[in-house]
Amino acid sequence: MGIVFLVLIAVLVAADQLVKHWAVVSLEPAGSMDFIRFGDFKVFDLTYLENDGAIFGSMSGQRWFLIGFTALVLVIGLAAMFLTLKRSKFLSFSIMLFVAGGIGNFIDRIRYGYVVDMFEFKPFHFAIFNVADICVTFAFIFVLIYMIFIDPKIEKAKKAEKSDAEKTESGNE
């Protein structure tokens with residue numbers, strides 16, 4: 001399963017980089033263009049943005065710190081992805097999404113000195129993001145789902161299994 005996750009990371013990073021390459025080549029000169037709209041109601045625009053910070057532009061201009069921190073988090077994330085495989089494939093998948101998104105933005109920081117963003121959700125005007133950001137966002141949501149709904153059931157099953165094993169041991173004495 002670990003190999004499958006590594007292949008998925010490669011596919012997601014490639015998709016992210018292809019979309020970003022298109023944005024640099026085709027979208028940057030235009031600046032912005034309609035993407036999804038219903039009549040006069042805009043849902044998504046494609047808007048070229050160079051983000052030299054982290055989430056929502058925080059830590060702007062801290063390129064080397066962000067590269068170093070991201071590298072550390074990616075190493076820990078890859079280790080966690082493999083270490084959690086036995087416990088939960090869902091959790092490992094979630095971490096895989098996080099790692100793929102992190103790698104996509106890490107490549108941009110090294111190559112350009114900033115992250116290329118292009119998807120602008122018009123109804124809320126809160127952020128312009130990219131494929132890597134989508135991966136990280138879904139990873140976060142999935143980890144929350146795991147922590148709230150799945151992990152407690154795993155722990156409950158382990159406790160029940162341990163209790164049954166202790167009862168069986170004490171009955172055999």
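Helix α1 passes helix α2 in a right-handed crossing, in a model that is predicted. The two helices, α1 covering residues 2–30 and α2 covering residues 63–83, pack at an angle of about 145°, and their axes lie 10 Å apart.

On the side of α1, the contact is made by G2, F5, L6 and I9, while α2 contributes L78, M81 and F82. Sorted by class, the residues of this contact between α1 and α2 comprise six that are nonpolar and one that is polar, with no charged residues.

## An aromatic pair involving F5

F5, one of the residues of α1 that touch α2, also belongs to an aromatic pair with F93. The ring centres of F5 and F93 are 6.3 Å apart and the ring planes stand at 55°, so the pair counts as tilted, given that planes under 30 degrees apart would be stacked and those over 60 edge-to-face.

This pair links distant parts of the chain, since F5 sits in helix α1 and F93 in helix α3, 88 residues apart. In the whole structure, a search finds eleven aromatic pairs.

## The largest pocket

The largest pocket holds about 890 Å³ of space, and its lining is made up of 33 residues, with A54, I55, N105, D133 and V136 lying nearest the centre. By class, this lining has 21 nonpolar, eight polar and four charged residues.

The elements that give two or more residues to the lining are the helices α2, α3 (89–111) and α4 (131–172), together with the strands β2 (41–51), β3 (115–121) and β4 (128–129).

Key
Residues numbered from 1 in each chain as written. Predicted model: local features only at pLDDT ≥ 70, side-chain atom pairs only at ≥ 80, totals over all residues. Heavy atoms only, no water. Axes fitted to C-alpha atoms, helices over the stretch in contact; angles between N-to-C directions. Helix = DSSP H or I, 4+ residues; strand = E, 2+ residues; numbered from the N terminus. Left-handed = near helix turned anticlockwise from the far one by under 90°. Contact = heavy atoms within 4.5 Å. Nonpolar A, V, L, I, M, F, W, Y, C, P; charged D, E, K, R; others polar. 1 Å grid on protein atoms, 1.4 Å probe; cavity = no way out; pocket = protein on both sides within 12 Å on 5 of 7 lines; lining within 4 Å. Points joined across faces, edges and corners; volume = space filled by probe spheres on them. Phe/Tyr/Trp six-rings, centres within 6.5 Å; stacked < 30°, edge-to-face > 60°.
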